[in-house]
Amino acid sequence: MMARFVRTTEMGPLLSEADLAAFEQRYALKLPVPLREFLLTTNGGRPERDLFKLQGVPGNPFGRIHFFFGLNDPIESCNLDWNLEVFRDRLPQGMLPIATTEGADKICLAVSGAGTGRVFYWDAHARGVHLLAEDLDTFISALRSDALSPTVLES
């Protein structure tokens, strides 16, 4: 299935398959196809549809993505590799942080184990995870926008 993309602003530079392969080799992991397609198309950025349903967190039914991480972004904290290095010891094993919320919480993609490909919300304070979607396509398709969401301007 082809990943459904969300338009983004402030994305990183265009990526090649070689960029993705180098990342995979460096971290000894295999990026799921939908994430590969997403990175090759957008390379992260602020999504125009940024709201997601958050179940299992009392008093907080929605979350907002601040930024999807990419590769080779001049802003270090916007990169997958930087976030993986910084949060590796705090995240459950096999989780790759792919986005950040407006707070310190992360959207993670399982890249190993039985749940490979599933999308999770990682609560940075409680250090717990909550399943958001069975795959990245489903997660991205379910994103919504409101008056506070970024707007992608046509050039």
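**Close-up 1. Surroundings of Val 111 in the predicted model.** Beyond its neighbours within four places in sequence, Val 111 is in contact with Leu 29, Lys 30, Pro 32, Gly 94, Leu 96 and Thr 116. Val 111 belongs to the loop between β6 and β7. The relative accessible area of Val 111 is 13%; because buried means under 20%, this residue is classed as buried. Leu 71 is 40 residues away from Val 111 along the chain, and the C-alpha atoms of the two residues are separated by 17 Å.

**Close-up 2. Strand β6 and the burial of its residues.** Strand β6 comprises residues 106–110. Five of its five residues are buried, so the strand is largely enclosed by the rest of the structure. In a regular strand, side chains alternate between the two faces of the sheet. Both faces of β6 are covered, with Lys 106, Cys 108 and Ala 110 buried on one side and Ile 107 and Leu 109 buried on the other.

**Close-up 3. Pairing of β6 with strands β5 and β7.** Strand β5 (residues 95–101) runs antiparallel to β6 and is joined to it by five bridges. Within this pairing, Ala 110 of β6 stands opposite Met 95.

**Close-up 4. The aromatic pair of Phe 52 and Tyr 121.** The structure holds five aromatic pairs. In the pair shown, the ring centres of Phe 52 and Tyr 121 are 6.1 Å apart and the planes meet at 50°, so the pair is tilted. Phe 52 lies in strand β3 (residues 51–53) and Tyr 121 in strand β7, so the pair ties together parts that are 69 residues apart in sequence. Phe 52 is buried, at 3% relative accessibility, and Tyr 121 is buried at 4%. Together with Phe 139, these two residues form one aromatic cluster.

**Close-up 5. Thr 42 in the loop between α2 and β2.** Thr 42 is located between α2 (33–41) and β2 (46–47). With a relative accessible area of 9%, Thr 42 is buried. A polar atom of the Thr 42 side chain lies 3.2 Å from the backbone nitrogen of Gly 44. When residues up to four places away in sequence are not counted, Thr 42 touches Val 6, Thr 8, Met 11 and Gly 12.

Terms used:
Residues are numbered from 1 along each chain as its sequence is written. This is a predicted model: local features need pLDDT of at least 70, side-chain atom pairs count only at pLDDT 80 or more; totals for chains, interfaces and linings use all residues. Side-chain values use heavy atoms; hydrogens and water are left out. Buried means under 20% relative accessible area, exposed over 50%, partly exposed in between (1.4 Å probe, protein chains only). Helices (H or I, at least four residues) and strands (E, at least two) are DSSP runs, numbered from the N terminus. Two strands pair if DSSP finds at least two bridges between them. Contact means heavy atoms within 4.5 Å. A polar contact is a pair of N or O atoms within 3.5 Å; within protein, one must be able to donate a hydrogen and the other to accept it, and residues adjacent in sequence count only if both atoms are side-chain atoms. Rings of Phe, Tyr and Trp (its six-membered ring) pair if their centres lie within 6.5 Å; planes under 30 degrees apart count as stacked, over 60 as edge-to-face and the rest as tilted.
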